[in-house]
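User: I'd like to learn how to read the cavities and pockets in a structure like this one. Can you walk me through it?

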Amino acid sequence: MKFNKLFLIGLTPIFLLSACGTNQETNPTPSENNSINSKLSNAFKEMGEEVAYVAASKPRTKSMVNMSETDKKMQLGSPSGIIYTVGKLYENEDFDCSNKVVEFREVYDVVNGSSPVMVEDITLSLMIDADIANNKARLYAREFIDATESMHMKIDAYMFLEFDYNFTTNSLGDFKAWYTADSYMGGSETPNTGINYAVRQGDELKRLDVNTKDEEYNTVVNQIETFVTFFNSKAETKIVADATTARKYGESFIAGLNYINEITNLSGSIDFHNK
C-alpha cells in the first residue's frame, strides 16, 4: 500500500537513532526477519543470475518489459472497461458484488471498426473486495463470450486486478492486472490459451513478455491459477440475475464499455442485440 510504505520509511530513521542513543541491542521481530530474508533472497538470486549471464557471454532477458503505446491499449483497454463497468453497476441501488459473485447474461451487437457486426452472447461474473480503511481494492471478473459472425468463436476469460486507491482523495496509485483466456475458434474443442500481466509501480509501467519463461513468469502463472481457483470457489454460491435485472445491468455494461472506447480512441461500440 503506497501510503503505508511511505509512513514506515519515515519512521525507520527515528527508530534507529533511538536504539543507538540508548546503546541497547534490539533483536529483529519474526516479521522483520522475514522482510530481511526476502530482500536478501531477491538480491542474491538477482546477482547470481546476472553474473551467470556475464560468465556465459549471453544477453539477458527478463519477462517484465516496458510497455509500448500499442501494448497499453492491448493490455489495459479491456480491464479498464470492466473496472468502469463495476462503477456504473454500483449506480443501481440493488447491485452489490462485495465479497460475493454476481452474474448476468445478455446478447449484444459488437462493432469493431469496419468489421461486420458480431453478435455476442456474454455472461459476466463480478466480485470486488474493497478495503476502504486501508486504501486497497481487488476486482475479480469472468467473462464468457459466445460470438457469431462469419465464424463461431467462444472465449472464456478471467481477469484479476489489485489497486492502491485512496478512497478519501479518490486517487489511484499502483496497480496490477492479471488476465487469462481460453479461445475456441470455429467449433474447435481445443482452446488457444493466452495470459497477460501488467503492473504500474510509481512511474514505471511494465507487462509480462510471455516468450520469456523465467521465475517471474512462473510466479505470474501460479498467481493466475490461485485466483481462478479462489474465484470459482466463490462462484459456487453466485447470485444470478433474472432477465429483467440482467437487462438493467447490461445497460451499465454498455455505458461503461462505450465510454472507455471513447477515451482510448477505439472505433468500436456495443449495444443490445434485441432492442
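Predicted model: local features only at pLDDT ≥ 70, side-chain atom pairs only at ≥ 80, totals over all residues.

User: Which residues line the largest cavity?

Analyst: Its lining is made of Ile82, Leu124, Ala141, Arg142, Glu143, Ala157, Tyr158, Met159 and Tyr179. Strands E4 (136-148) and E5 (153-166) each put at least two residues into that lining. By class, you get 7 nonpolar, no polar and 2 charged residues.

User: And what lines the second largest cavity?

Analyst: That one also has a volume, about 40 Å³. Around the second largest cavity sit Gln75, Pro79, Met159, Ala177, Trp178, Tyr179, Asn196, Tyr197 and Ala198. Two or more of these lining residues come from each of helix H3 (69-89), strand E6 (171-185) and strand E7 (192-201).

User: How much space lies in the second largest pocket?

Analyst: A pocket, unlike a cavity, is an open set of points. The second largest pocket takes in about 1,100 Å³. It has 34 lining residues, with Gly77, Ser78, Asn112, Tyr179 and Leu266 nearest its centre.

User: Which element gives the largest share of that lining?

Analyst: H3 does, with 8 residues. Other elements supplying at least two each include strand E2 (102-112), helix H5 (243-263) and strand E10 (268-272). By class, this pocket's lining has 18 nonpolar, 13 polar and 3 charged residues.

How values were computed: Residues numbered from 1 in each chain as written. Heavy atoms only, no water. 1 Å grid on protein atoms, 1.4 Å probe; cavity = no way out; pocket = protein on both sides within 12 Å on 5 of 7 lines; lining within 4 Å. Helix = DSSP H or I, 4+ residues; strand = E, 2+ residues; numbered from the N terminus. Nonpolar A, V, L, I, M, F, W, Y, C, P; charged D, E, K, R; others polar. Points joined across faces, edges and corners; volume = space filled by probe spheres on them.
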